[in-house]
Amino acid sequence: MGILSENGNFALFRDGFLQTIELSALSALLAIVLGTLLAAFRVSPVPALRAFGTGWVTIFRNTPLTLLFFAVEFGLPQLGVHLSHLTFAVFALGFYTASFVCEVLRSGINTVPMGQAEAARSLGMSFGQTLGLVVLPQAARTVLAPMSSVFIALPRNSAIAGAFSVPELFHVQATLSERGYSIFAIFFWVALAYLTISAVVGLLFRILETQLAVAR
């Protein structure tokens, strides 16, 4: 165990590990909800909604995540919004990841035959009903593989939050480095923790792919 068995380092590492999981989970939840809404906007028959969805994706996909963290952490307080560092980090990560979730879902929506939407409309279903009951369930099943890549990358992206006072794994690494421990040993444990989280996320998506596999 080396450095983890000294001076309460294990508790510090454990808390950082759990904070990374919490940050990733909350950001993923926000990204799924917001990304699904944005995907609906992108295929909406309302021009204003399509423009909003396109603008969001264009801005957030092409903005460096570090810059987005700066904008949220230092920009929102200037507008009178004062929240915890964790909440700001969830917003930054969630908004950023939502743009990728949106595009993955939109690609899935485009794979659903147009005839199914037309059949739903012929039965009197509204656009929202057609999208929610007919199109999105099929689209979500077809994009599980690319969606897994988005959420496997999310915990690694959360490392940026450590530079903005969120006590996650990267912040733990900085703290242990300041205490004079070997940088190689520190990065070994931190890398192992990120690998564990990514492996679990990948496993969950593989299980989902197996359970929701489309018969061909």
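Predicted model: local features only at pLDDT ≥ 70, side-chain atom pairs only at ≥ 80, totals over all residues.
Start with helix α2, residues 47-61, and helix α4, residues 85-109. Their axes sit 9 Å apart and meet at an angle of about 120°, which makes α2 oblique to α4. The crossing of the two is left-handed. On the α2 side, the contact is made by Trp56, Val57, Phe60 and Arg61; α4 brings Phe95, Tyr96, Ser99, Phe100, Cys102 and Glu103. Sort the residues of this contact by class and you get seven nonpolar, one polar and two charged.

Now for the rings. The count comes to 13 aromatic pairs. One of them is Phe52 with Trp56, a tilted pair with 6.0 Å from centre to centre and 45° between the planes. Both residues belong to helix α2, four residues apart, or about one turn of the helix. What about their exposure? Phe52 is partly exposed, at 43% relative accessible area, while Trp56 counts as buried at 16%, because the cut-off for buried is under 20%.

Phe60 and Phe95 make another pair: the ring centres are 6.1 Å apart and the planes stand at 75°, so this one is edge-to-face. Here Phe60 comes from α2 and Phe95 from α4, so the pair ties together parts that lie 35 residues apart in sequence. Phe60 is buried, with 14% relative accessibility, whereas Phe95 is partly exposed at 24%.

Finally, step back to the wider group. Phe52, Trp56, Phe60 and Phe95 are among the members of one aromatic cluster, which also includes Phe41 and Phe91.

Technical notes. Residues numbered from 1 in each chain as written. Heavy atoms only, no water. Axes fitted to C-alpha atoms, helices over the stretch in contact; angles between N-to-C directions. Parallel < 35°, antiparallel > 145°, perpendicular 65-115°, else oblique. Left-handed = near helix turned anticlockwise from the far one by under 90°. Contact = heavy atoms within 4.5 Å. Nonpolar A, V, L, I, M, F, W, Y, C, P; charged D, E, K, R; others polar. Phe/Tyr/Trp six-rings, centres within 6.5 Å; stacked < 30°, edge-to-face > 60°. Buried < 20%, exposed > 50% of the residue type's maximum accessible area, 1.4 Å probe, protein only.
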